[in-house]
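Biologist: I want to learn how to read helix packing and cavities. Can we work through one case?

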Amino acid sequence: MVKSLFFFSFLLFFFSCSLQSRREQADIRDLFQRNQTVAALELLEKSEIKKEKKNRLLYLLQKGKLLYAEKRFNRAGATFVQAGELMERLYTKSVSEMLLTGVSNNNSETYYGSVYERSLLFYYQALSFLNVYQRGKILERKPAKEKAGKQDEFIEKKLSDQERKNFLFRARASILAWDTFYKELQRSSRESSFFNQDLFAKTLGAKIHELVGSRGDEQIALQLYKDALEILYKSGPAFKNYNSQFEAYAKAFKGEDFGKKNKSELEKHIENSKSFKGFEKFLKFKILSLAKKRRPGSLKAEMKRLNAPKDMVAKLDQRNNVTVLLESRLIAPLEGKTFSYNLRSAMEEIENPAAKAFMAGVGLPVLTYFAMGPLGIGAVSSGGNSKLYVRHGAGELMTSEAGIEFEMPVIREPALASSYELIAVQESNPKEAAKTELALAGPISDLAYQMNLERASNSYGK
């Protein structure tokens with residue numbers, strides 16, 4: 001009785017810690033959404049998230065994002081590097097904990113992050129260093145003797161041209177690490193995914209290689225833009241923001257069938273949206289402009305391959321050296337959703353007739369005997385060292401309807417993104433304005449939603 005009571009008390013304590021962490025995450029998210037990043041950082045530093053060793057990666061990711069939002073980019077970049085090193089150690093260590101926690105309380109599991117979360121780490125790391133390069137200054141801690149109080153204080157330090165370039169090269173190194181992350185994902189048997197490449201990783205990587213500006217870097221940028229266009233055609237239809245028939249496509253293209261469906265069957269449910277066409281146009285233009293600069297001999301062939309419209313070709317001679325990147329809204333949070341799974345529905349899903357017959361003829365009676373014997377649900381006769389478990393149809397019917405109920409994390413279906421346009425106005429003539437639509441380059445909520453669906457689908461049967 002004492003053991004039982006202690007165990008129950010421990011569970012209550014364990015759950016209270018977990019619930020406390022959840023509440024803190026929700027509060028930090030709310031403060032972040034209201035742009036109260038200083039208060040969010042203070043809460044994070046006092047939180048259970050920071051105290052719990054298993055949440056170390058989560059703590060670093062939260063801290064890096066809040067520092068990034070505060071425009072303390074060099075500190076944010078350093079925090080993301082720290083998170084990346086920890087993520088590498090966690091992900092490459094023994095999978096024994098993963099195997100254990102796959103059948104136990106998820107609260108005991110170390111936070112590894114979903115694929116899209118680990119991917120975002122490299123995105124923010126690269127952007128942090130890129131922002132330092134563009135601004136040309138960093139924040140440094142004041143020496144202790146110059147501080148007014150105990151808390152850290154910071155002063156701005158202007159960077160030399162070489163120091164700025166070093167941060168640009170660090171941004172490029174982050175992009176290379178991002179690419180390596182996805183290559184490892186493709187090779188890994190632990191976490192196979194249809195979404196094993198990131199559209200935005202290729203696009204941002206191409207842009208940073210362009211900024212470095214060497215012949216070799218621009219050649220790499222050209223290939224990355226080509227890769228991005230291929231990924232857009234491959235995975236774009238699965239994104240709500242890129243496919244006007246998203247619901248019908250999603251129904252035909254279930255998580256467990258990724259890559260196995262008949263192409264012609266899926267193409268019936270593809271209607272490229274305005275956002276898809278805008279980003280496709282952007283990628284085609286970047287491919288042609290870099291081909292003209294670095295591979296002029298292949299330009300005509302590329303124009304034909306991409307079926308480039310005349311107005312796009314006409315703009316190739318114009319100078320295009322400005323890129324505007326807007327980050328809008330937050331990814332929908334993970335929520336617990338209850339699923340029920342019973343034996344009868346499991347048997348109905350078995351396609352192999354022999355396996356189904358075996359399950360009904362042998363598996364079901366064995367489970368019935370277990371339920372009616374060791375679990376004490378049915379009648380048992382004992383004689384000497386023998387026990388007799390009585391089989392009857394009512395018990396088997398009852399067992400076939402038995403099942404389990406469990407909770408899995410899900411992300412709400414993403415909303416359609418807002419459309420934006422850039423309006424450039426000349427001070428000398430404010431009535432003359434040039435307008436251009438901005439392309440939706442990284443629908444991360446769509447990617448997170450699909451990856452979560454795929455993961456849930458792959459985990460459900462297990």
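Modeller: Start with the angle. Axes are lines fitted to C-alpha atoms, and the angle between N-to-C directions runs from 0 to 180 degrees. This is a predicted model.

Biologist: At what angle do the axes of α9 and α10 cross?

Modeller: Helix α9 spans residues 199–212 and helix α10 spans residues 215–235. Their axes come within 8 Å and cross at roughly 160°.

Biologist: How are α9 and α10 oriented to each other?

Modeller: Angles over 145 degrees count as roughly antiparallel. The two helices, α9 and α10, are therefore roughly antiparallel. The crossing of α9 past α10 is left-handed.

Biologist: Which residues make the contact?

Modeller: On α9, they include Leu-199, Ala-206 and Val-212. On α10, Ile-220, Leu-224 and Ile-231 are among them. By class, the contact has 10 nonpolar, 3 polar and 6 charged residues.

Biologist: Now the cavities. How many of 30 Å³ or more turn up in the whole structure?

Modeller: A cavity is a set of points where a 1.4 Å probe fits but cannot get out. The search finds 1 cavity of 30 Å³ or more. The largest cavity holds about 200 Å³ of space.

Biologist: Which residues of its lining are closest to the centre of the largest cavity?

Modeller: Gln-197, Asp-198, Leu-199, Phe-200 and Leu-447, out of 21 lining residues. Elements giving two or more residues to this lining are α7 (115–135), α9, α10 and α19 (444–460). The largest share, 4 residues, comes from α7.

Biologist: What is the class make-up of that lining?

Modeller: The lining of the largest cavity has 14 nonpolar, 5 polar and 2 charged residues.

How values were computed. Residues are numbered from 1 along each chain as its sequence is written. This is a predicted model: local features need pLDDT of at least 70, side-chain atom pairs count only at pLDDT 80 or more; totals for chains, interfaces and linings use all residues. Side-chain values use heavy atoms; hydrogens and water are left out. Angles under 35 degrees count as roughly parallel, over 145 as roughly antiparallel, 65 to 115 as roughly perpendicular and the rest as oblique. A crossing is left-handed if the near helix is turned anticlockwise from the far one by less than a right angle, and right-handed if clockwise. Contact means heavy atoms within 4.5 Å. Ala, Val, Leu, Ile, Met, Phe, Trp, Tyr, Cys and Pro count as nonpolar, Asp, Glu, Lys and Arg as charged, and the others, Gly among them, as polar. On a 1 Å grid over the protein atoms alone, a cavity is a set of points where a 1.4 Å probe fits but cannot get out, and a pocket is an open set with protein on both sides within 12 Å along at least five of seven lines; lining residues have an atom within 4 Å of a point. Grid points are joined across faces, edges and corners, and a volume is the space filled by probe spheres set on the points.
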